[in-house]
Amino acid sequence: MAWIYLIMAGLSEIVWAFGLKESHGFTMLGWSLLTVAFLIVSFALFSVAMKSIPIGTAYAVFTGIGAAGTAIIGMVFLSEGVSFWKIVSLVVLLIGIIGLKLVDDNEPEKEAK
């Protein structure tokens, strides 16, 4: 269940990062409220996930999902440049995230307190 929370936290990070861009420096009320709400959700889910996932793995996966997802959103919805090396870098990042998940599955899970 911790991994589901961590993935949801990373996806929430994508939403608040996009909202931060769309809030135009917190001058757009709706986008600002959405951003703050997803910031809270994101970090709450992240903190729950870290009860049983090692901090190094959890943080790398959390920020990796957020970074890769936000980059993809930027390319698809915000007309940010797409290049061969951007795609290669995103693939390498995603392979790293999957690798961390696979390695963590082979380690004994900590008991949540």
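The structure is a predicted model, in which local features need pLDDT of at least 70, side-chain atom pairs count only at pLDDT 80 or more, and totals for chains, interfaces and linings use all residues. Residues are numbered from 1 along each chain as its sequence is written, and side-chain values use heavy atoms, with hydrogens and water left out.

The chain contains four helices and zero strands, where helices (H or I, at least four residues) and strands (E, at least two) are DSSP runs numbered from the N terminus. Its pattern along the sequence is α-α-α-α. Taken along the principal axes, a box of roughly 45 × 35 × 15 Å holds the C-alpha atoms. Contact denotes heavy atoms within 4.5 Å; among contacts between residues at least 6 apart in sequence, 68% join residues at least 24 apart.

Helix H1 (residues 2-22) packs against helix H3 (residues 55-77) at an angle of about 40°, with the axes 8 Å apart. Axes are lines fitted to C-alpha atoms, for helices over the stretch in contact, and angles run from 0 to 180 degrees between N-to-C directions. H1 and H3 are therefore oblique to each other, given that angles under 35 degrees count as roughly parallel, over 145 as roughly antiparallel, 65 to 115 as roughly perpendicular and the rest as oblique. Residues of H1 in this contact include Trp3, Leu6 and Phe18, and those of H3 include Thr57, Val61 and Ile73. By class, the contact of H1 with H3 comprises 13 nonpolar, six polar and one charged residues (Ala, Val, Leu, Ile, Met, Phe, Trp, Tyr, Cys and Pro count as nonpolar, Asp, Glu, Lys and Arg as charged, and the others, Gly among them, as polar).

The axes of H1 and helix H2 (residues 29-49) come within 8 Å and cross at roughly 160°, which makes H1 roughly antiparallel to H2. The contact of H1 with H2 has 19 nonpolar, four polar and two charged residues.

Thr57, in helix H3, is buried, with a relative accessible area of 13%. Apart from neighbours within four places in sequence, Thr57 contacts Trp3, Leu100 and Asp104.

Terms used:
Buried means under 20% relative accessible area, exposed over 50%, partly exposed in between (1.4 Å probe, protein chains only).
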